[in-house]
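Please look at the sequence and the 3D structure shown below. A short report follows them.

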Amino acid sequence: GAAFNLAITLIDYAVDELGSGERLFRFLDASLVRNIFAAPDLAQSQLAGAMRETEDLRERLLCGLVAFCASNGWRLFQATGNRAAWENLGKTIARLLEGEQEVAKTVWPTRTEARRLLPYMEAKSCLPSAASLHIAQLAHKPAAMEFNPGLVAAAKWLGTVFWRVDDLVDLLQDLRTGTPNVVLLSLSDRLAAEGRSFASDKDIYDELDAAAEELIQLLVLPPEHGIGPRESLSEFARGVVAGWVGAQGSGESARGAADHGENNGRRVSSDAIAFLLAQQSDGYREAIHHLHFPRLTDEGVRYETRPSILSHRAVILDALLDGAEAGLDCPRQVLATECMAILRSKHRDVRGGWSYIEEAPELPPDADDLGQVLQVLTRFGGGELASICEEAIRLTLDASEADGSFCTWILDPGGQSFAHERMRKYLDVMGGWGTHPEVVANLLYGLWLYDPVRYSVALRRSVTYLERVQNPVGSWSSKWYTGPFYGTWRAVSVLGRVAPSSGALMRARHFLLDAQHTDGGWGDGGSEPLSTALAMLSLSADGIEPEAVALSRGSAYLSQTQRSDGGWPSCPWISFPTIDGMVVHGSAGVTTAFCLKGLLAAEQVVKRFEPVLQGSTYAVGIQVESA
């Protein structure tokens, strides 16, 4: 059985990866299969001749495996006399070989051709499990075998699970080489139903999500198969899928190695995580920005209200990832679900990534959303997952200025489609042209996380721009966000990594310390949680000289303003001018995400200074009266 499965693996490798099926099937043909089961001596002679004719070590290994299976299968048959198992095995392998040959000789099939190939695709992927069953049955005498049709059905069911996994694993390879794939066939059917010729990344992610859902449904063996070890087989199938995706178990959490002691600061953070998880299970309805904005139509400008959640979702995911790294209870399944939701929000019509309002296709992708998406995909799945952003990164950096800045909107200079023309016209209505510090810094920080060596030139060039646009008081302004603290945090996060000796960091530190209020918080005119969290993130950034007392006072302020449900009240976050006035939006979800990030970042700094703080007016997370 093991030798048979290894032989199948080698055949698949030769056909799918090397494209050498034609050479392989010179000797691995229907006549050889017939002889294995009817004239074993002739089959061995054929295999010996094939081994003499090839110098390819993989082909020689395959010949040896087939010869081993043939001779040992014949011995089993002679020992047990189980003709039914022997004949069933022969029929199964003949159909399996036919499936391998038909799929191997077809490249870039039409939808009609792919439909014709479906039975062969199924045979290629599902029948190895049925063959393994017949091999196992061959080891028993006929009298010891009770006929159970459910076993054969269960073997084919298991093969279907392997088929779905195999097509998901090989999806990109099959997409590039034109190899028949059931997931791609489903994608082709959906595009045809919608009257479209080409698939976008978003279409592929939608199909991936549907295929994953189907696979999950498959993982329970149907009761009608009626065999004894139903749960064992189902558990085995789940184990195969779990091993393939590297799952930790659906109920497990992504925990770091931090101390899990429930001190006051930890309770505040744990309650914040619980609040954000509750928001996630509700689809972040509270965080959605229902934006009333102009649309460009053939009749002129028309105003509509559409929902926006992408950037809010990415910010909250970023905070949940912080919580997971800090050792808080944050289910990995939730993190994965959120990453998939973000991937499925990619702009369908053009290259360039993501835009703030998914339901407004005329709104171009923007560098701000790209930066946020790049960060969370890198943090969750590393460079392999985040590589989906590379095309958008290239378009952005290719259009950058000499000082390293770049426009907020990502427009493909070579795009000549109707969608591109519509975007260019729409920006005359929407506005927002120009370079904006918080947008530039947001994407640059994503580049630093993703590949700081590859993008080192772009990162170093940006220092000039970020230093030049710093305000005299030491802060950075934002085009799209409220107050000075968001832009300041974004800028110091980049400068602290790329230019830790920049004088701009010291000026930012002075600004932040001077802006702290007597109650420990920050904010224009008075303290509020969001500004406090952003100021704490800035003071905790690399390159900023640590100020543990100020951070402890900020933590105390956030502890005191946290609500009983674990969240913080909504504070204005989005803020930008339009021809119709200011657009301002905030949510408890985003405020809580930043408060959680601020608390966890400050906690790391404060821990280093804990002995000093024991004699200070402020203890970690708790404000006490002055002596």
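This is a predicted model: local features need pLDDT of at least 70, side-chain atom pairs count only at pLDDT 80 or more; totals for chains, interfaces and linings use all residues.

## The largest pocket

The largest pocket holds about 2,300 Å³ of space. Its lining is made of 47 residues, and those closest to its centre are Ala-212, Trp-244, Val-245, Ala-336 and Met-340. Sorted by class, the lining of this pocket has 26 nonpolar, ten polar and eleven charged residues.

Which helix gives the largest share of the lining of the largest pocket? It is H11, with nine residues. Helix H11 spans residues 201-218. Other helices that supply at least two residues each include H8 (149-169), H9 (171-177), H12 (230-245) and H15 (332-343). H16 and H17 (390-398) also belong to this group.

## The second largest pocket

The second largest pocket has a volume of about 660 Å³. There are 25 residues in its lining, and Asp-322, Tyr-445, Arg-497, Lys-597 and Ala-601 lie nearest its centre. Twelve of the lining residues are nonpolar, four are polar and nine are charged.

Helix H25 (588-608) is among the elements that supply at least two residues to this lining, and H25 gives the most, with six. The others are H14 (310-325), H16, H19 (437-450), H21 (485-498) and H23 (529-539).

## Cavities

How many cavities of 30 Å³ or more are there? The count comes to four. The largest cavity contains about 200 Å³ of space. It is lined by 15 residues, and the closest to its centre are Tyr-356, Asp-366, Asp-368, Asp-369 and Trp-480.

Ten residues of this lining are nonpolar, two are polar and three are charged. Helix H16 (367-386) and strand S3 (571-578) each supply at least two of the lining residues. H16 also supplies at least two residues to the lining of the largest pocket, and at least two to that of the second largest pocket.

## Strands S3 and S4

Strand S3, which contributes to the lining of the largest cavity, pairs with strand S4 (residues 581-587). The two strands run antiparallel and are joined by seven bridges. A hairpin of two residues connects S3 to S4. One of the bridges pairs Thr-578 with Gly-581 in S4.

In a regular strand, side chains alternate between the two faces of the sheet.

## Helix H14

H14, one of the helices in the lining of the second largest pocket, has 16 residues. From its first C-alpha to its last it reaches 23 Å, close to the 22 Å expected at 1.5 Å a residue. Is H14 mostly covered or mostly uncovered? It is mostly covered, with 15 of its 16 residues buried. Just after H14, Gly-327 takes a positive phi of about 90 degrees.

An α-helix has 3.6 residues a turn, so residues three or four places apart point the same way.

## Cysteines

The structure holds zero disulfides. A disulfide needs two cysteine sulfur atoms within 2.5 Å.

Cys-63 is buried, because its relative accessible area is 0% and the cut-off for buried is under 20%. Cys-126 is buried too, with a relative accessible area of 3%.

Notes. Residues are numbered from 1 along each chain as its sequence is written. Side-chain values use heavy atoms; hydrogens and water are left out. On a 1 Å grid over the protein atoms alone, a cavity is a set of points where a 1.4 Å probe fits but cannot get out, and a pocket is an open set with protein on both sides within 12 Å along at least five of seven lines; lining residues have an atom within 4 Å of a point. Grid points are joined across faces, edges and corners, and a volume is the space filled by probe spheres set on the points. Helices (H or I, at least four residues) and strands (E, at least two) are DSSP runs, numbered from the N terminus. Ala, Val, Leu, Ile, Met, Phe, Trp, Tyr, Cys and Pro count as nonpolar, Asp, Glu, Lys and Arg as charged, and the others, Gly among them, as polar. Two strands pair if DSSP finds at least two bridges between them. The expected span of a helix is 1.5 Å times one less than its number of residues. Buried means under 20% relative accessible area, exposed over 50%, partly exposed in between (1.4 Å probe, protein chains only).
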